[in-house]
Amino acid sequence: MNPDYGQANLRKIFFLFLIVFVTLLTGCWDRKEVNDLALIRGAGIDKKQNGKMELTVLLYIPKGGSSSEQGMEGPGGGGTMQTLIRSAQGNTIAEAMSILQEKLPRKIFWGHCEVFIFNEAIAKEGIAEDVDFFIRMPELRERSQLFISKERARKILSLLPPLERDLAEVVRELGEEKIGMTVTTKDFAEMLVSEAGDTAIPWIKILPPIEGQEEKRTIAYITGTAIFKRDKMVGKIDDSLTRGLLWLRDEVRYSTISVTPKGKKGFVSMKLLRANSKIVPKIRNGKWEVVLKAEADDDIMQNTTDIDVTNPKVVKALEQQLNSQLANRVNETLKEVQKDMKADVFGFADAFHREYPEVWKKEKHRWNEIFPNVKVTIASKIKIQRQGMQSGHPLISSEKGQAE
Amino acid sequence: MLERGKISALQMAFMMNPTILATGLLLVPAITAKTAKQDLWLSPIWASFIGFMIVFVAYRLHKLYPKETMFEYSEQILGKIPGKMVGAIFVFYYFHVTGIIVREYGEFISGTFLHQTPMVVVFSTMIIVSAMAVYGGLEVIGRCSEMIVPVLLVLYLVIFVMLLKDLDTKNFFPMLENGLGPSLKGSVVLQSWFSEFILVSFFFPYLRDHDKGMKWGMISVFSVMFYMVLTNVMALLLFGKLTASLTYPVMVAARYISIAEFLAHLESIVIALWVAGTFIKITVFYYVLVLGIAQWLKLSDFRSIVLPIGFLLVLFGVWSAPNLQVLSHFLSTSAPFYLLSIQAGIPVILLIIAWIKKKRQQMKGKLIG
Amino acid sequence: MKMVYLLGTTLLVLLMVLSQLEKINKNQKKDKVVLIVFSVFGWLIAILLIFFPDVPGPSELIDVLYKPLGKLLE
């Protein structure tokens, strides 16, 4: 081996490249610094009269530097001067974004965008084109949540929530609570390419502010679900029907149910601990059927009747009532979504595809005819686990708890 | 001998893992999902057979010519001129394939993070680092991988574990909807990745522990298969039918991670993994190319041509495809057959001829005896 | 602009050759020739790519050769 090849030579090569790279240093192409970025926290899409769409973005203004009080916000100061709303119009989001960039001294950065809010009008026309942008854009994360609202998305984004930093944070946190549906960009795209291709997105609404408060000092909250036939919105269901939808999709995580025991006055309220459900498809003599198998554990939270909830027999009866209440819920949801809107947001098509791949291949094209007539039976098994910390005699006197 | 360094069989196994996986992990799920649909996780298992076969072939050839690499024994097996021709095919092939790997690296970096940076700069920075490692020789590359690869493999598992709560096992079904066909078809593209295992034949002569070469070669094929299955399962369970329509499913999967809200935005880990893995991959290919050329032309030292070849590799990276669409189309149609015919076809033919030759010699020996 | 690239490439190749030439042992003629041949080859391709960026590359060549098989996977 040539003894020359050692440290000295490596260093020479290194210097050689240093020299060469000086010629390349005409600029640092992808330099991004926080004080040059406009961090988008949430975006809203509205429809304009002229057929264009309006993109509204909620920007977070990073308060850098040592002079400002970091992390300390004055009383009720959350949201003041921390966020900024800007809108632009265009034929596509990408186009609107470039027009928006004209109005912003900082470079738009999508990496922290958590929330997308669509106006109802644009949802009725179809949102697949917009979701294409969300997935294609490298900066955007697929965990951003989607929402639909009746109010202008711009109006919702410009609210100043009292508790959280900005509206996007509020809506995102509400979504994470999973009381209603939670749909991320990925979930939506996944539903769109599923066998049925019908989708659903949670519906949000502005909470009326407390009297005397500033009109903007409020939040938007999730109530109900918008139902889509493919990517076009066809209807909306309310909170209680959403619960039925969640049962069918095995997404129930949080729920409180009250039942009135037979022959009594008042309620027994129960909190859901855990739940899981499964849809089992069956094709019998050419008839398409689905069985919803649901299991759940509940705890008693409150008892306003005079029944003794420590009595196993009483508990059995309560469980029965819970089961029938669940069946009612689900049936109501099915009536609206399956019979009226004819949108398969429950994943029935995929269930049939999984269970009967052969039949599915032949009958796939008829799914739109089959789906509204799929018979759903509900087999639920809800158990009441514990009665809570109050276990002895009911506090409610028996006269008060008797039915009149 | 051109290379005096020695590596252990374990180091070789560590080297081979990112050499196959680095480009594979990001592209494989999407490419296989297109043909294999929900059976995509089976494809790596079928494809790994070719990997096992190639390691076996390489080891047999090594047993026949223990001190030489493919460039040298092809001349002994086929004779001088045809042997040189085989060498020429391999030289062109490694130029081209390394160019494609460099391009894949550049496409990923430019496509996801450095949108504005010219791709040539992305290529060059990587080639410079690799050139330094190649300049150091096999031992340096071996030690680099011994240091980097275990971390990569473990971190990758961590990513999988962190995604567990978002996975949906329903996506597995219907299993084998259209029989084994789709998953076998999906495995064709993967076979081209597994056929890259022929690289071990260039390392066998430099193993400190020759007898363990076969064992560790097989283990690395198995671990590559395991990681590919894991990747495909992860993509399938997370994205279902959406897998086929994503460009880099693993990348998207990593940034889908969100644990307790603060453990999120982990794509930078994937980038780190990918860059480190690609570094090993490019270095290994680069090294084999440089060593091969030196052996092919019977040079006294391979170090003198490291830089010019690095320069050529950057150019081949630019030249290999006009854009990403053409590149992935090429990789999922013609490329598998191209890679297979050279990386699997030629060694098998060499082995068969070598065996026949040996048999003949034995016969002759017997006749004389 | 193309001229700048051309000049830069030429400079790079020259530096590369010169830095390596001095390291090769005096009697290793073949090594020197190989080094120069590869560098010139690289320089030519670089120039080709600078002036005609759309020139068909090796992948196109392979694609033509393996097209019939590749069709199977489309």
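How many residues of domain 1 of chain A are in contact with domain 2 of chain A, and how many residues of domain 2 take part? In this predicted model, 18 residues of domain 1 of chain A touch 19 residues of domain 2 of chain A. The domain assignment places residues 34-62 and 78-237 of chain A in domain 1, and residues 246-404 in domain 2. The C-alpha centres of the two domains of chain A are 32 Å apart. Between domain 1 of chain A and domain 2 of chain A, about 1400 Å² is buried, with 65% of this area given by carbon and sulfur atoms.

One salt bridge is found across the interface of domain 1 and domain 2 of chain A. Six residue pairs are in polar contact across the interface of these two domains of chain A, both residues of each pair having pLDDT 80 or more. On the side of domain 1 of chain A that touches domain 2 of chain A, the elements giving two or more residues are β7 (199-206), β8 (220-229) and β9 (232-237) of chain A. Of the elements on this side, β9(A) gives the most, with four residues. By class, the side of domain 1 of chain A that touches domain 2 of chain A consists of nine nonpolar, five charged and four polar residues. A salt bridge also joins the side chains of A:Glu195 and A:Lys364, with an N to O distance of 3.6 Å.

The interface of chain B and chain C was examined in the same terms. The contact takes 36 residues from chain B and 38 residues from chain C. The area buried between chain B and chain C is about 3100 Å², and carbon and sulfur atoms give 74% of that area. On the chain B side, B:Phe311, B:Trp319 and B:Phe337 lose the most area to chain C, and together they give 23% of what that side buries. Zero salt bridges are counted between chain B and chain C, whereas nine residue pairs are in polar contact across this interface, both residues of each pair having pLDDT 80 or more. Five helices of chain B, α4 (80-112), α7 (181-194), α12 (306-319), α13 (324-332) and α14 (334-368), each supply at least two residues of the side that touches chain C. Of these elements, α12(B) gives the most to the side of chain B that touches chain C, with eight residues. That side of chain B has 23 nonpolar, nine polar and four charged residues by class.

Over all chains, the structure holds 33 salt bridges. Side chains of opposite charge can pair when their charged atoms come close. In chain A, A:Arg152 and A:Asp46 form a salt bridge with an N to O distance of 4.0 Å. This pair links distant parts of the chain, 106 residues apart: A:Arg152 is in the loop between β6 (145-149) and α5 (153-157) of chain A, and A:Asp46 is in strand β1 (residues 37-47) of chain A. A:Asp46 counts as buried because its relative accessible area is 1%, whereas A:Arg152 counts as partly exposed because its relative accessibility is 39%.

A salt bridge also joins the side chains of A:Glu251 and A:Arg249, at 3.1 Å from N to O. A:Glu251 is partly exposed, with a relative accessibility of 23%. In chain B, B:Lys84 forms a salt bridge with B:Glu75, and their closest N and O atoms are 3.1 Å apart. B:Lys84 is partly exposed at 23% relative accessible area, while B:Glu75 is buried at 12%. Salt bridges that share partners also join A:Arg41, A:Glu114, A:Arg165, A:Asp166, A:Glu169, A:Arg172 and A:Glu173 into one network.

The surroundings of A:Leu334 were also considered. A:Leu334 is in helix α9 (residues 312-341) of chain A. With a relative accessible area of 5%, A:Leu334 is buried. Apart from neighbours within four places in sequence, A:Leu334 is in contact with A:Leu248, A:Lys339, A:Phe346, A:Phe348 and A:Val376. A:Val359 lies 25 residues from A:Leu334 along the chain, and the C-alpha atoms of these two residues are separated by 24 Å.

Technical notes:
Residues are numbered from 1 along each chain as its sequence is written. Chains are lettered from A and ligands numbered from 1 in the order in which they are written. This is a predicted model: local features need pLDDT of at least 70, side-chain atom pairs count only at pLDDT 80 or more; totals for chains, interfaces and linings use all residues. Side-chain values use heavy atoms; hydrogens and water are left out. Domain bounds come from an automatic or database domain assignment. Contact means heavy atoms within 4.5 Å. Buried area is the accessible area (1.4 Å probe) that two parts lose on being put together, summed over both. A polar contact is a pair of N or O atoms within 3.5 Å; within protein, one must be able to donate a hydrogen and the other to accept it, and residues adjacent in sequence count only if both atoms are side-chain atoms. Ala, Val, Leu, Ile, Met, Phe, Trp, Tyr, Cys and Pro count as nonpolar, Asp, Glu, Lys and Arg as charged, and the others, Gly among them, as polar. Buried means under 20% relative accessible area, exposed over 50%, partly exposed in between (1.4 Å probe, protein chains only).
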